[in-house]
Amino acid sequence: MRICCIGAGYVGGPTMTMVARKCPDIRVDVVDVSAARIAAWNSDNLPVFEPNLDGLVREVRGKNLFFSTDIEECIDKADIVFISVNTPTKTYGYGAGSASDLSYVEACSRTIARASKTGKIVVEKSTMPVRTADVIKTILASSGRKFQVLSNPEFLAEGTAVRDLESPDRVLIGGDEDSEEGRRAIETLASVYARWVPEERIIKTNLWSSELSKLTANAFLAQRISSINAISALCEATGADVDQVAKAVGSDSRIGSSFLKSSVGYGGSCFQKDLLNLIYLCEHFNLPQVAQYWRGVVEMNAFQKKRFSSNVVEGLFRNISGKRLAIFGFAFKENTNDTRESPAIDICKDFLSEHAKLAFYDPKVSKAQICADLGIEENDPRVEFCDSPYAAAEGAHAIVLLTHWDEFKKLDYAKIRKSMTTPAWIFDGRNCLDHRLLIGLGFLVRGIGKGNLS
Ligand code: UDX
Ligand code: UDX
């Protein structure tokens, strides 16, 4: 068997590496229109930072895992073709700001139709709006060859991708359950995962349930974060501590404790895009009340980011003009170099609009990426990029912690405190530092949902 995956991104790259690792007899080709991305996957400097991914890639690359720009040839030789290209929110025309832009998916479908001399199984790996499989099917059918389209959404989270792929809670495969060929295609794909995933964790459904389950899973996860963030605002007003509330509430086994960590807001390439897409679908199907319900989750996230940046300005005597703020972390979460939809982007833009000076430190995000995200030049006099958190904090009026990198917990804050301008503030946007200890060192501290602090 041969597999080809179109799209060598945060999803396609790690997922196919795991497939190759677990199925030594299957040749896996990962192809991409970006020659630079493919070159990076073939180098020692992978385009995606993920814990433990480097070693895994080294084990299989050149054996049964290949990264290439030979898109059509790899498609033609494959039995199964995964589509793992990006599906960003549409920025223009009909559905702008909420619908998914499916132009890459359509282009891939046309390429598959053109390049394939024989019929194949085509798998939607990218998160798609419900009924996208129809679009793919219609384009493929025009080629005159027989294709089966499956939906097999990926649930990995960045930063824990290798672990999630190795031991997924479930693998979801949606297909045409009503036809013999459809059922056979589902079984073929299931047999690939069954090499390492227990049978009972492989869920088989119809196409539309699979597509909708992925959107729903992300919407539920985002909803939990917005729910606890909503409560964090109330904690600040009442003197409660959101971490204590989350613990008490999450100990109820019906509720569960994960995804109740209050923060500056969720980021990442999926939550916002998928929620907007879900809202768009509800509106499209004339369900305005359902759309409004989910829109609340998005609005709460925007409110949380704004609330945080206002709290910083407020704490610094309502004036941050010309003041140095040390920005600890820019990635949307720890253990990744990804900044897509990172809350740090909106928050830092707010600071810049208040004429602050920003000194950045993130262990994995590049200066070029931060500037691109903020829409500024690399030599902009308002920003500085530091090699260590200590350098960023030097002379700063405040530390603003935006990403939960482990190293921030282990710093010598007594030393940092001495190098800062006084009064020295720490705004802990992830509630990951020891606030009592910091107050003892002379910092003014503000966390999220910590109504009991100074
Ligand atoms: C993306 C989506 O964000 C996610 O919702 C979906 O589930 C999977 O695809 P990700 O892998 O993180 O996830 O995207 P990205 O890192 O942008 O990678 C997509 C890759 O596809 C890029 O390398 C891009 O060059 C490539 N691509 C895009 C193609 O090869 N062909 C195209 O026509 C378009
Ligand atoms: C998410 C889903 O978890 C994954 O299943 C799906 O395939 C893709 O989208 P990802 O965006 O990579 O994964 O990371 P995730 O761990 O879900 O975090 C998303 C955002 O929520 C981050 O900004 C994170 O910091 C934030 N978050 C997460 C919180 O603020 N609080 C929490 O309790 C958990």
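**Ground rules.** I worked from a predicted model, where local features need pLDDT of at least 70, side-chain atom pairs count only at pLDDT 80 or more, and totals for chains, interfaces and linings use all residues. Residues are numbered from 1 along each chain as its sequence is written, chains are lettered from A and ligands numbered from 1 in the order written, and side-chain values use heavy atoms, with hydrogens and water left out.

**Salt bridges.** I looked for a side-chain nitrogen of Lys or Arg within 4 Å of a carboxyl oxygen of Asp or Glu, and the count came to 30 salt bridges.

**Asp29 and Arg27.** I found these side chains paired at 3.0 Å, N to O. For burial I used relative accessible area (buried under 20%, exposed over 50%, partly exposed in between; 1.4 Å probe, protein chains only). Asp29 is buried at 2%, while Arg27 is partly exposed at 31%.

**Asp76 and Lys117.** This salt bridge came up at 2.5 Å, N to O. Asp76 is buried, with a relative accessible area of 17%, whereas Lys117 is exposed at 64%.

**Lys305 and Asp346.** I noted a salt bridge here at 2.9 Å, N to O. Lys305 is buried at 11%, and Asp346 is partly exposed at 35%.

**A network.** I also saw that salt bridges with shared partners join Asp241, Asp243, Lys261 and Lys450 into one network.
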